[in-house]
Amino acid sequence: MSKEHLAANCGIYCGACSLYRARRDKSPQFLEEFMKAIGDKLPVPDEKLNLDEIDCDGCLAGGRLTPFCQACKIRLCAKQKSDINRCTECKDFPCSLITDFNNDGIPHHAEAIENLIDMQVIGLESWISEQEKLWQCPACGTSIHWYARICHKCQTVQPDRLPRLSPCK
């Protein structure tokens, strides 16, 4: 089965999203880690979020979306342009919308533009394969989320995978 839907319009990898992983792995701990790491930078207060209400299939899956993804200006922009799935397919790339997103201070957004360019250079399937490997625990192979510091399965301390950013505390 193709995992193309996990490569978001903006260039982030939905498969490592804390909210996507929280639901798939049935872990309210992921939601707590996510909100601790960046909750103060998000437009939706954390009291509105709980594991029962969060279910997301990935930006381009055509199914359920988190409250953040439902309101995402980049996703809505691409949706308005019938021939555009990702920002790099747009003649205006890189526009202020994606540049502002990339530079908004949210750690997992900071690699959006680079990811989009990488998708073009190596191809979408290769990029997804690289992301799957990047967001796995090196000890046990379990999929982990952006803000995981310890693998939820084997308890191994995880390396910082957002190298250009300071670690979230």
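This is a predicted model: local features need pLDDT of at least 70, side-chain atom pairs count only at pLDDT 80 or more; totals for chains, interfaces and linings use all residues.
## Helix α4

Helix α4 spans residues 73-80, and its buried residues are Ile74, Arg75 and Ala78. These residues lie on the same side of α4, because they cover an arc of only 100° around the axis. In general, an α-helix has 3.6 residues a turn, so residues three or four places apart point the same way.

On the face turned away from the buried side, α4 carries Lys73, Lys79 and Gln80, which are exposed.

## Helix α7 and its packing on α6

In helix α7, residues 124-134, the buried residues are Leu124, Trp127, Ile128 and Gln131. Their arc around the axis is only 100°, so they sit on the same side of α7. These buried residues pack against α6 (112-122).

Two packed helices are described by the angle between their axes and the distance between the axes. For α6 and α7, the axes come within 6 Å and cross at roughly 125°. At that angle α6 is oblique to α7. From α6, the residues in this contact are Asn115, Asp118, Met119 and Ile122, and they meet Leu124, Ser126, Trp127, Glu130 and Gln131 of α7. By type, the residues of the contact divide into four nonpolar, three polar and two charged.

## The largest nonpolar core

Nonpolar side chains tend to be buried together in soluble globular proteins. The largest nonpolar core in this model has 33 residues. Those touching the most other members are Cys10, Ile12, Tyr13, Ile74, Ile98, Phe101 and Trp146. At least two residues of this core come from each of α1 (18-24), α3, α5, α6 and α7. Helix α6 gives the most, with four residues.

Ile74, one of the core residues named above, is also one of the buried residues of α4. Trp146, leaving aside its neighbours within four places in sequence, is in contact with Ile12, Tyr13, Ala16, Cys17, Ser18, His108 and Trp135.

## Two backbone features

Most residues other than glycine have a negative phi, and most peptide bonds are trans. The peptide bond that joins Phe93 and Pro94 is cis, with omega about -5°. Pro94 is found in the loop between α4 and α5.

Gln155, a residue other than glycine, has a positive phi near 70°. Gln155 lies in the segment after α7. Its relative accessible area is 52%, so Gln155 is exposed, the cut-off being over 50%.

Conventions. Residues are numbered from 1 along each chain as its sequence is written. Side-chain values use heavy atoms; hydrogens and water are left out. Buried means under 20% relative accessible area, exposed over 50%, partly exposed in between (1.4 Å probe, protein chains only). The arc is that of the directions from the helix axis to the C-beta atoms. Contact means heavy atoms within 4.5 Å. A nonpolar core is a set of buried Ala, Val, Leu, Ile, Met, Phe, Trp, Tyr and Cys residues joined through side-chain atoms within 4.5 Å. Axes are lines fitted to C-alpha atoms, for helices over the stretch in contact, and angles run from 0 to 180 degrees between N-to-C directions. Angles under 35 degrees count as roughly parallel, over 145 as roughly antiparallel, 65 to 115 as roughly perpendicular and the rest as oblique. Ala, Val, Leu, Ile, Met, Phe, Trp, Tyr, Cys and Pro count as nonpolar, Asp, Glu, Lys and Arg as charged, and the others, Gly among them, as polar.
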